Amino acid sequence: MLIASRSDEDLLKDWKILDQPVRATEEVRMVRGLYLDEMENRWPRAVDYWLASLDNEKGIEDFMQYEDPNYDE
């Protein structure tokens with residue numbers, strides 16, 4: 001799939017563009033779901049913490065430390 005071939009950096013750049021409420025058409029929501037699936041495949045712990053977070057100001061990037069195997073909760 002094309003999304004899976006994106007670099008981590010490009011995937012996050014695309015997500016920031018798609019994660020704008022103004023652009024939330026049905027098509028964009030569907031593509032966002034595909035991107036979220038890919039992010040869950042790459043960064044399962046970060047996505048779990050991000051989705052469980054109550055801080056709407058934070059993005060997925062703010063939770064990447066949870067992917068570090070040396071991270072101590």
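Tutor: Start with packing. The buried residues of α2 pack against α1 (8-18) and α3 (44-52). Helices here are DSSP runs (H or I, at least four residues), numbered from the N terminus. Contact means heavy atoms within 4.5 Å. This is a predicted model: local features need pLDDT of at least 70, side-chain atom pairs count only at pLDDT 80 or more, and totals for chains, interfaces and linings use all residues. Residues are numbered from 1 along each chain as its sequence is written, and side-chain values use heavy atoms, leaving out hydrogens and water.

Student: Which residues of α2 are buried?

Tutor: Buried means under 20% relative accessible area, exposed over 50%, and partly exposed in between (1.4 Å probe, protein chains only). In α2, Val28, Tyr35, Glu38, Met39 and Arg42 are buried. Viewed down the α2 axis, these buried residues fall within an arc of 100 degrees, so they line one face of the helix. The arc is taken from the directions from the helix axis to the C-beta atoms. Glu26, Met30 and Asn41 are exposed on the other side of α2.

Student: What does glutamate 38 contact, leaving aside its neighbours within four places in sequence?

Tutor: Ile3, Ala4 and Leu11. Glutamate 38 has a relative accessible area of 13%.

Student: How many residues does α2 have, and how far does it reach from its first C-alpha to its last?

Tutor: The expected span is 1.5 Å times one less than the number of residues. Helix α2 (residues 26-42) has 17 residues and reaches 25 Å, close to the 24 Å expected.

Notes
Helices (H or I, at least four residues) and strands (E, at least two) are DSSP runs, numbered from the N terminus.
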